[in-house]
Amino acid sequence: MPRTGVFICHCGTNIAGTVDIDKAVEASRNFPGVVHADEYRYLCSEMGQDIIKKAIEEQDLDRVVVGTCSPRMHEATFRKAAAEAGLNPYLLEVANIREHCSWVHKDMGEATPKAISLLRAAAAKAALNTALEAPRLDVEKRALVIGGGIAGIQAALDIAEAGYEVDIVEREPSIGGRMAQLEKTFPTLDCSACILTPKMVEAAQHPNVNLLTYSEVEEVKGFVGQFDVKIKKKARYVDSVKCTGCGICWEKCPSKAPSEFEMGLAKRKSIYVPFAQAVPNVPVIDRDSCLYFRKGRCQICEKECPPQAIDYEQQDEIIERRYGAIIMATGFDQLDPTIYGEYGYGQHPDILTGLEFERLFNASGPTGGKIVRLSDGKPPKKVVFIQCVGSRDKARGMNYCSKICCMYTAKQAVLLKEKVPDAKSYVFYIDVRTAGKGYEEFQRRAAEEYDVAYLRGQVGKIFPEEDHLVVRGVDSLSGRLIEINADMVVLAAASIARCDAPEVGRLVGINSDSYNFFNEAHPKLKPVETHTAGVFIAGACQSPKDIPDTVSQASAAAVKAIGLLSKDKLQGEACTAEVNQAECSGCLYCEAVCPYSAISPVEIEERYHGGTLKRTVAEVNPALCKGCGSCTVACRSGTINLKGFSNEQILAEVDAICLQR
Amino acid sequence: MRYRYFPGCTLKGQAKNMEDTTMAAAEALGIELVELPEWQCCGAVYPLYEDELISLLSPVRTLAAAEGEPLVSLCAACHHVLKRAQELMSRNEDARTKVTDFLEVEYSGEGRVLHFLEVLRDDLGFDKLAEMVKKPLEGRKAAAYYGCLLLRPSKVMQFDDPENPSIMEDLLKALGADVVKSPYRTECCGAYLSVTEEGVAADTVDRILDSARSAGAEVLITACPLCRYNLENCARDDGKKPLKVYYFSELLAEAMGLTVETAGDDSSKEEVSQR
């Protein structure tokens, strides 16, 4: 017979207000196996824990039941206390008499018997509890950062500075991401490249950072501390060791394709670096447009390359490495506004998205930094900015606010006025949202000092007429219809998740919300963690974000990763599933339902009628198992048990509640 | 390709030429349009209130009469009412039970409800049509005018992008015409205001025609008898060069090399002015 102690918490009046504590203590003394029962005002306090510890030692208790709040709150606290008194922590059981009882009932006459029932069930289960040990797992002291934008660069640098190795995997030929495409950054108007390039170079030169550009993650296996990752390094057709980045190849290359970096507004060569400050400064050959790959002739780059770095035979390479932690920093895309037929995007060269307009400001951009209309090369005198193109639109776009558009529109209007002093800007908005340090001041300055007209309302139609664009909208404050003959229209298209975010998320085992942004583990208290241990998220892959928020989140994710890497061993899950292989029929239903890929088939040998028989049964990898219990339900012969939650333990609880009356 | 065909009142009078040219072209294209026997009014106007079920009796009877076969109409207003009635029948069980019980018919929203333009685009295909064209409309500067009934509400009509449609331009392209686009092609034609507020209708029609003219159009096609009536009859006579308005089917028949004997526009105009 076990020697069980029951301890009941008042939680101030949270429990004691609705549950008659004295009655509950009295009833507990009569439960089978209970040798001691006590109560205290705040059991989770030092004093309360001491009461439990002292009783374990003095009363020689081998099982403990605490009637308190939810185990999610304080199970760890009480288990630790039990362990300090020399008891295996898994021999302690929590009866949730607060959230499941006192908080949801008003009447003491009803709540008290229910609390007693819950305590009785916990005592019945505790009697069957066994001592469990959590496995100790190794930690590979290296991190993987997926995505080489400002989020990925910042996270990688922080991890590297803490003394750990870190690999950045970037799909594009250069790191830098979206921030590299920007001209100036709000609200201080520092030049984006001037503050980003040093970080890119630092990442490239840091002894702990390893850049894998033009590469993609193919497969992730394993678990926290030991992720086994396959990375495909796509063939550049240029030997990165020999290449000096002299640029002769892309100067001489005769074929062109639309530049992804310039949002298709300019051409790049078939052998190219995406932008002048690219890191690494090693070009790639784009097979789809290269004359040699398409038609088998040309080879000019090979002939012209001084260090003979061109290698048409180069193959994709698969790199396999183990990582202790993974940070997802895969960034965002811009919504294609063609779904808004009324804005006429794509039908006229002077209707641009925000990111396209941004490129016009850049000295190395498609217009060499001149703000001109792409239709006729003339500087625009009237520019209409339209906010919330696809944001805050339940009917056709995204329900959410893209967060950055109000500020970058104000910024672009200010920059426009500086470059084209006689230009006039009009901004159609729903609300102006400028939460952020110095943001409101900046936007007010745009309106008051830079002559930007803010019009509260939406645009219903844009169409070309003669040499201008007619923008027809409504000013909802005056209730008037407005018609502006604009020279250029800039659409603040919504920031959206990368189109392949769900697949990339599945690779590392994290899920996405209904917009395909990655889910954090808790929206307030675990903003960079995910539901998969060891995988963290940073930047706009989680939700639309500006640069300061992205950098903060990247550093936060880095700290979480560093915390993980700094441990020599990780404590695994003790309550894992266990297969009784003698009874297992090998149907492997459990393998199909396991969300953590922790179950696999294994062949065992059995004695059978004097001979031996080989057969397949299920086996649980305790390092991967999270103890969710799906397999125990799926198992047709009931031969899988969850340690700490065995079928016998659960039934004992049910019996304790149902058989008492 | 076999379809049940619902003509509606206008196609037998005012817009007889749309029916005649469509029938001739359909035959040449191998599209069989079988007219529903004893058809009746389409319902004319889709009710503004979802519980105004009495107006749905007529269109639901028509939908049920198609016996699950694809049902094609030509008049934009007829197609609009039939398509929306079908959508309500498939979505709203309460409305469906009341209407079908009253009519003593079985209908639960089945069958495709199509405008003839959709048959050309989705079932025949404009590529195929282009191959079958005998006399391409080369050098003819043609613009399309959509109006509202085919496009909106877009989630129900599922016809085309309501802000930037392309089906009629694609048709004109297939017929070999020189397509021009006018920004006012989806604006209101004035609808029934041509009866009560002539000035308003005149403003809208003038804008539509001026915009098509300045885009370089010589002819304008439409699929809606009311739009055509307004475009032809409501414009202020300001001596500008005339812009000929056609039903899409007239240019279709012409490009198919067909000469169709039909009541024509003039007689239809007279008919209206006599009222």
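First, conventions. This is a predicted model, in which local features need pLDDT of at least 70, side-chain atom pairs count only at pLDDT 80 or more, and totals for chains, interfaces and linings use all residues. Residues are numbered from 1 along each chain as its sequence is written, while chains are lettered from A and ligands numbered from 1 in the order in which they are written.

Chain B is assigned domain 1 (2–116) and domain 2 (135–274); such bounds come from an automatic or database domain assignment. The C-alpha centres of these two domains of chain B are 23 Å apart. In contact terms, 22 residues of domain 1 of chain B meet 25 residues of domain 2 of chain B, where contact means C-beta atoms, placed from the backbone, within 7 Å. On the domain 1 side, α1 (16–29) and α3 (76–91) of chain B are the elements giving two or more residues. Helices here are DSSP runs of H or I, at least four residues, and strands are runs of E, at least two, numbered from the N terminus. The most comes from α1(B), with nine residues.

Now chain A, and helix α1, residues 21–28. Which of its residues are buried? They are A:A24, A:A27 and A:S28. Buried means 20 or more other C-beta atoms within 10 Å of the residue's own, exposed means 12 or fewer, and partly exposed is in between, with C-beta atoms placed from the backbone. The three cover an arc of only 100° around the axis, so they sit on the same side of α1(A); the arc is taken over directions from the helix axis to the C-beta atoms. The face turned away carries the exposed A:D22 and A:E26. Covering the buried residues of α1(A) are, among others, β1 (4–9), β2 (34–40), β3 (63–68) and α4 of chain A.

That α4 (108–128) comes up again, as the buried residues of α17(A) pack against it. Those residues are A:Q649, A:E653 and A:A656. They fall within an arc of 65° seen down the axis, and therefore line one face of α17(A). Exposed on the other side of α17(A) are A:E648, A:V654 and A:C658.

Last, the chain contact: five residues of chain B touch four residues of chain A.

Methods. Contact = placed C-beta atoms within 7 Å.
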